[in-house]
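Hi there,

Here is the structure I promised to pass on to you. Have a look at it first, and then read on for what turned up.

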Amino acid sequence: MVISAEFLGMLLLIASAAALGLSIVVDVGRVSAEKTREAMNQRQYDKKRAALAEWRQKTERKRVDLTTLQARLTEFNGRRQKALTELKALEYSKIELVHELGDQDTDGEVFWAQLAVGPNFNELDRKDIVFSRQIWEYRNVAHITAPSAEQAHGMVRTSFSQRNGLISSPVVPLALAPDPEAETEASAA
C-alpha cells in the first residue's frame with residue numbers, strides 16, 4: 001500500500017494536533033491540581049488562623065481571669081494576715097503575767113499597775129532587760145503589797161524602771177484595777 005504525501009501530512013497533522021491536545025490536557029490537569037492544592041492549603045491556613053484567633057481570645061480571657069484571681073488572692077491574703085494579727089493580739093491580751101512585789105505577810109494594801117515596754121525597749125542591751133524579752137509581748141501587771149500608794153509606786157519604779165525599757169501605769173488599789181476581759185472586748189468592738 002502506498003502512502004501518499006498528503007495522507008502522511010494529514011497523519012502528521014493529526015498526530016501533532018493530538019500531541020498538542022494531550023499536552024494542553026496535561027497542563028490543564030497540572031494547573032487544576034495546583035489550584036486544588038492551593039485551595040486546600042488556603043482552607044487549612046484559614047482554619048489555623050481561626051484556631052489561632054480563638055486561642056488568643058481564650059488566652060486573653062484566661063489572663064483576665066488570672067489577674068482577677070491574683071487580685072482576690074492578694075485581698076484574701078491581706079484579710080488572712082489581718083485576722084491572724086488580731087487573733088495573736090487577742091491571744092496575747094488573754095494571757096496576763098502577774099509580778100508580785102512587796103511582802104505578802106504584812107497588813108499592807110494590795111495595789112495594781114500595768115507594765116508595758118517603753119519606746120527604747122528594742123534598742124536596749126539584753127542585760128538591761130528585766131526577765132526575758134518574750135514575756136513583755138504579753139500583758140504584764142504588778143500586784144504590789146504596800147502600806148500606801150506612794151510606796152507602791154516607788155516599788156514599781158524601782159523594780160521596773162525606764163532604764164530597763166519599761167513603763168508602768170499609775171498605781172491603783174487592786175479593787176479598782178480594770179478587768180482585762182472587758183478591755184479586750186472593748187478594743188475588739
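Let's start with threonine 145, which sits in strand 3, the stretch covering residues 139-146. Please keep in mind that this is a predicted model. Is threonine 145 buried or exposed? Its relative accessibility is 6%, and buried means under 20%, so threonine 145 counts as buried. Setting aside neighbours within four places in sequence, its contacts include Leu101, Gly102, Asp103, Glu109, Val110 and Met155.

Next comes isoleucine 144. Again leaving out residues up to four places away in sequence, isoleucine 144 touches Leu101, Glu109, Val110, Phe111, Trp112, Ala113, Ala152, Met155 and Val156. Ile144 also belongs to the largest nonpolar core, a group of 16 residues, where Trp136, Ile144 and Val156 have the most contacts inside the core. Which elements give two or more residues to this core? They are strand 2 (109-117), strand 3 and helix 2 (149-159). In soluble globular proteins, nonpolar side chains tend to be buried together.

There is something to see on the surface too. Ile3, Phe7, Leu8 and Leu11 make up a nonpolar patch there, with about 400 Å² of accessible area together. Phenylalanine 7, in helix 1, has a relative accessible area of 46% and is partly exposed.

Finally, a word on confidence. The chain has a mean pLDDT of 85, with 92% of its residues at 70 or more. Where pLDDT is low, the predicted coordinates should not be read in detail.

Enjoy exploring!

Technical notes:
Residues numbered from 1 in each chain as written. Predicted model: local features only at pLDDT ≥ 70, side-chain atom pairs only at ≥ 80, totals over all residues. Heavy atoms only, no water. pLDDT = per-residue confidence, 0-100. Helix = DSSP H or I, 4+ residues; strand = E, 2+ residues; numbered from the N terminus. Buried < 20%, exposed > 50% of the residue type's maximum accessible area, 1.4 Å probe, protein only. Contact = heavy atoms within 4.5 Å. Patch = residues over 30% accessible without salt bridge, like charges linked within 9 Å, V, L, I, M, F, W, Y side chains within 5 Å. Areas by Shrake-Rupley, 256 points an atom, 1.4 Å probe, with all protein chains shown as cover. Salt bridge = Lys/Arg side-chain N within 4 Å of Asp/Glu carboxyl O. Core = buried A, V, L, I, M, F, W, Y, C linked by side-chain atoms within 4.5 Å.
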